[in-house]
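Hello,

Here is the structure I promised to pass on to you. Have a look at it, and then read my notes below.

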Number of protein chains: 2
Amino acid sequence: MLVDDHPLLRKGVAQLIELEDNLQVIAEASNGEEAIQKALQSQPDLIMLDLNMKGLNGVETLKSFKQADIGSKVIMFTVSDAEADVLQALRAGVDGYILKDSEPEELIEHINKAVQGELVISAPLTQILAKAFRPKVEKESILDTLTNREQQILRYISQGDSNKIIARKLDIAESTVKVHVKNLLKKINMRSRIEAALFVVENKLF
Amino acid sequence: MLVDDHPLLRKGVAQLIELEDNLQVIAEASNGEEAIQKALQSQPDLIMLDLNMKGLNGVETLKSFKQADIGSKVIMFTVSDAEADVLQALRAGVDGYILKDSEPEELIEHINKAVQGELVISAPLTQILAKAFRPKVEKESILDTLTNREQQILRYISQGDSNKIIARKLDIAESTVKVHVKNLLKKINMRSRIEAALFVVENKLF
DNA sequence: TCACAGCTACTACTTTAGTGGTAGTTTTAC
DNA sequence: GTAAAACTACCACTAAAGTAGTAGCTGTGA
């Protein structure tokens, strides 16, 4: 099934797909709401979903698919190589993210793989994905303000350890752990260990 | 600079690199400790670092570089396409992750790009990176055991909100929030809101 | 209609967490 | 060799978090 608000693009892709023996376009939709209805009716194996649409956007439409228990594979098919778009789509659970400027053969290959359950991603997105895993350089300066002991304790906090457990692991008194926690929270300007823990994991410190 | 515990491989790569006018191997090392010393001496623009070495492994060596304020770019050059290895390296801040079975031209191209500050990643790793962003399907069942209200509150917890703040946001009593927190912690079998918050973000629920 | 799940709210209590202050010891830096 | 920073530890206190039990209200499904 093709979902895109540009009829011409749908036609182009449809023609390309119909050239393949094992592929067939069984439905089309021009927006998210329509897509949900048609998907429920026609139960496609695979849905090619545009990211930028009026009304429900691609990610929102994808989430609606899941809620409606539509089991079709979903490939995001878009021009956007923006990091935020790619990550959002992946977090929402897409089965593929393909750029519209892909070569036709590549597109067909990706479609076939996706139907078989493989996660397909356009090659130019590799760097974008890798970047998202790297620690942000500026954030390291925040760690620099902490002493070794404080960093160590922050690491334990970000693993969910209580003060008592940290004290045991470091073989120091719980009261000492509290001192360190107090000092490090003040340094990084946060009010609770939870904020600190979430900050650590979200910014991939350590 | 080349760092690898196989002399033959170093020779091969060195020969390849020396063919290029703008590239030159100015140092070699066969293990992490040696690498740190030689890097401090010769200040290379780029370090090609093997991941699997005796003594300090690649990631540990990379961390030592950072601690020693060695500003060289570092490319992890390895046979491993294991998700854990790739992610660890990226989290430690490598500037590239290249598989040893890359084509020579590709290798040279990646080296040049890395020197210019670009993050270079071997194409076959795209899927591995993308997978790491997708929610794990099995984990959704844990959410299913929670009521709507409990899910809602878990979401706030994973944003670092206190019971008091959650109560305000939902316009219910703090005592009620506590009840929900108690119940949801029991359901997901955790002992504190921190564990729950970390679980949520690590598994990309919501 | 009746049982049950879900949401609400309270009391009373224990356990952690966080704040502020004091203070001794050890390392590090100049 | 001395001062500063780091690490240790305690006390006393307040504030959150978490536990246990009771209970009323609402909507849903049998």
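These notes cover a sheet and the surroundings of a DNA strand.

This is a predicted model, in which local features need pLDDT of at least 70 and side-chain atom pairs count only at pLDDT 80 or more, while totals for chains, interfaces and linings use all residues. Residues are numbered from 1 along each chain as its sequence is written, chains are lettered from A and ligands numbered from 1 in the order in which they are written, and side-chain values use heavy atoms, leaving out hydrogens and water.

Chain B holds an open sheet of six strands, paired in parallel in the order β2-β1-β3-β4-β5-β6. Strands here are DSSP runs of E with at least two residues, helices are runs of H or I with at least four, and both are numbered from the N terminus; two strands pair if DSSP finds at least two bridges between them. The edges are β2 (28-29) and β6 (120-121) of chain B, each with a single partner strand, so one side of each has no neighbour in the sheet. Two bridges link β5 (residues 96-99) of chain B to β6(B), and B:Tyr97 has B:Ile121 as its bridge partner there.

Around DNA strand D there are 18 residues, of which A:Thr147, A:Arg149, A:Ala173, B:Lys178 and B:Arg193 come nearest (a residue is near if one of its heavy atoms lies within 4 Å). Among the polar contacts (pairs of N or O atoms within 3.5 Å), the side chain of A:Arg149 has an N or O atom 2.5 Å from a phosphate oxygen of DNA strand D, whereas that of B:Lys178 has one 2.8 Å from a base oxygen.

Best wishes

How values were computed. A polar contact is a pair of N or O atoms within 3.5 Å; within protein, one must be able to donate a hydrogen and the other to accept it, and residues adjacent in sequence count only if both atoms are side-chain atoms.
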